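Please examine the structure shown below with its sequence.

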Amino acid sequence: MPSTFAKVPQSNRSLRKALLLAAAVILGTLGATAVAHTQENQNAAPQAATPLSGPGATQAPANAEVHVMHVQGKVYMLVGAGGNITVQAGDDGVLLVDTGLAPMSQKVLAAVRSISDKPIRYIINTHVHADHTGGNEVIAKAGETIAGGNVVGDIGASAGNQATVIAFQAVLDRMSAPTGQTPAAPQGAWPTDTYTTHEKKLYFNDEPIEIIHEPNAHTDGDSIVFFHKSDVVSTGDIFVTTTYPIIDMQRGGSINGLIAGLNHIIELTTPKAMQEGGTMVIPGHGRLCDQSDVKFYQEMVTIIRDRVQKMISKGMTLDQVKAARPTLDYDPRYGADTGFWTTDKFVDAVYNSLSQKQ
Amino acid sequence: MRSRTGIIGLGVAIVALSFLALAATPANAQDDPSGEWSPRFHEDWEERIPGPEIGDYLGLPINDADRHRGDAWDATLIEIPENQCRAHGADYAWRGPSGIRIWKQVDLATQKLVAYHIYTSAYNESRIIYMDGRPHPPDYAPHSWLGFSTGEFVGDTLTVTTDHLKENWVRRNGIARSDKATFTEHFLRHGNYLTVAVVVYDPVYLTEPFIRTTDFVLDEHQQIAPWPCEPVDEVDRPEGVVPNHFPGTNPFLNEFPAKYGVPPEAARGGAETMYPEYRKKMKTMQRLPRPEKKKPAEQ
């Protein structure tokens, strides 16, 4: 078992370069408007992704490292592979929430092996973006499903040859394509077990696991994952500590859905004492958190939403709203003038999301 | 002659004894802050105990973003159950209504100092200052109200560096200190008096380091009571509501400058307002009319 902090972080600069390279490559698989972002202080993601082509497709970010941190119970957090990865390990095997960028797959596997040598049984995708699903194909193939009974019927005869990849149905819809058309991601990366209801439950490693759909939040396919005994929630990109929330409206995201998701995370979590500790929260990007960190973030996002909503109600145009700077008090913490997800784009998304007819 | 020799001999002996006494002094004779310390509230009483006035940002080296956070802040935010038991950050905790207990932890085999422990009665805060040279955690480790602290003696003074903090107050009227902040503390002991000087560095909300001291008196008979906190639903609100003032609509911001005769411009704070020479500038600024004092019958 690894120590609490298994690896010492190396140069932020080299990590940033590596992750940006990987992000640029992988974003191409989901099209030029795909949404992804990197770790703390790494907002300078590519302005526009290039199509996946040439040697860049397989070029691994050699300098990036994956760090392992024990969260509590049977749950660990892997940092540095793109989006944060959650690992739950025990006698039944290994379960991952998200798989990071594709070029980081081998390093993710090595990190998983430093935690457990048991088979990888499940991967749960919190949403479609490539910094969370990029490693699906390689990592799923490294695992195996206990097949038989209706499991084979559900996920096919080759079910036992790889880990089961669980996601909300919209994730599969967006990664795949009708016959004859080019899918956004290779078939080996697609979810093999989707759900369309409010939630899906598993019992794995002596622990109830709740996979809960949060409608139209960061995207239209978001899931959060609650490990009940370990008392850990893995949020995907509904909650990040690094930037303003990314609302991928082209893939069904909305500001009100995202706030509803944050409110739900707060409802699920219980602090130990003085609003600290207790249920731990693994964000899509950034540091390990607890309820109070989510609450601060929810307050920030809600206040900005309320301001923009009030400005829209007054008949203000998008340009007028931007000129009024509704994010002014939070910009030094979450804002960015350059990079992939600027403050300007966040305000665009909030305004457009609230202006959409319901 | 004999007496002169005796005087010289006595002098030599005194000098020699002095050197011996110095040599016998332990190399680590630093000012140990251990003890039961009782707070003294005379310093900044009005800010600390009744609580700061809305819109009083005087003497705070804040930027425009933090000023706007203060303007938007609605005190009813504290009623939200998730906020009722939010503890003070370690940099602000000294200002609380708290008895303080500080004690050493030593390695029993080597008797080396491993850590100082600080218990602050407000919010039951138990803090550790590691003195064994361990590194701070990586940036992806969780943050807490008290952060992660390491200390060393600089001369006789215990000097502590803290990071991994959750967001908290600069002033308890909505002026925030971010989770990116770090701070340095200096424990200045003069016999039975302890002054803790805190220097906060916040790249998000402060334009200059913010320095604040708090005083304590040794109180060996102090008995610290427990401080449990249990959130309750004080007001029935729809889920997710966050009380706040829309920009430009906070009706309370002028109460402070009017009540105390402070120019409204000065009340907005900023690094300049920390320095004594700012008083000269204040003399040229416009003030608001003071509110009329109500007669007893009207109160």
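**Sheets, cores and chain contact**

Strand β11 (residues 232–234) of chain A runs parallel to strand β12 (residues 280–282) of chain A, and 3 bridges join them. Strands here, like helices, are DSSP runs (E, at least two residues, for strands; H or I, at least four, for helices), numbered from the N terminus. Within this pair, Ser234(A) stands opposite Ile282(A) in β12(A). The model is predicted: local features need pLDDT of at least 70 and side-chain atom pairs count only at pLDDT 80 or more, whereas totals for chains, interfaces and linings use all residues. Residues are numbered from 1 along each chain as its sequence is written, while chains are lettered from A and ligands numbered from 1 in the order in which they are written.

The two strands belong to an open sheet of 6 strands in chain A, ordered β8-β9-β10-β11-β12-β13 with mixed pairing; two strands pair if DSSP finds at least two bridges between them. β8 (199–203) and β13 of chain A are the edge strands, each pairing on one side only. Across β9 (208–214), β10 (222–227), β11 and β12 of chain A lies α7(A), running at about 155 degrees to β9(A). Such angles run from 0 to 180 degrees between N-to-C directions, with axes fitted as lines to C-alpha atoms, for helices over the stretch in contact.

Chain A also holds an open sheet of 7 strands, in the order β1-β2-β3-β4-β5-β6-β7, again with mixed pairing. β1 and β7 (193–195) of chain A stand at its edges with a single partner strand each, so one side of each has no neighbour in the sheet. From one strand to the next, the twist averages 20 degrees.

Strand β2 (residues 75–79) of chain A pairs with β1(A) in the antiparallel sense over 5 bridges. Here Val68(A) stands opposite Leu78(A), and Met69(A) has Met77(A) as its bridge partner. The two strands form a hairpin with 2 residues between them, and Gly73(A) in the turn has a positive phi of about 60 degrees. On to β3(A), β2(A) is joined by 4 bridges in an antiparallel arrangement, with Gln88(A) as the bridge partner of Val75(A). In a regular strand, side chains alternate between the two faces of the sheet. Val75(A), Met77(A) and Val79(A) point one way from β2(A), Tyr76(A) and Leu78(A) the other way, and all are buried. A residue is buried if 20 or more other C-beta atoms lie within 10 Å of its own, exposed if 12 or fewer, and partly exposed in between, with C-beta atoms placed from the backbone.

The largest nonpolar core has 92 residues, of which Val71(A), Leu78(A), Leu96(A), Val108(A), Ile123(A) and Leu262(A) touch the most other members. Such a core is a set of buried Ala, Val, Leu, Ile, Met, Phe, Trp, Tyr and Cys residues joined through C-beta atoms within 7 Å. α8(A) gives the most to this core, with 9 residues.

Finally, the chains meet: 32 residues of chain A are in contact with 31 residues of chain B, contact requiring C-beta atoms, placed from the backbone, to lie within 7 Å. On the side of chain A that touches chain B, α8(A) gives the most, with 11 residues.

Definitions and conventions:
Contact = placed C-beta atoms within 7 Å.
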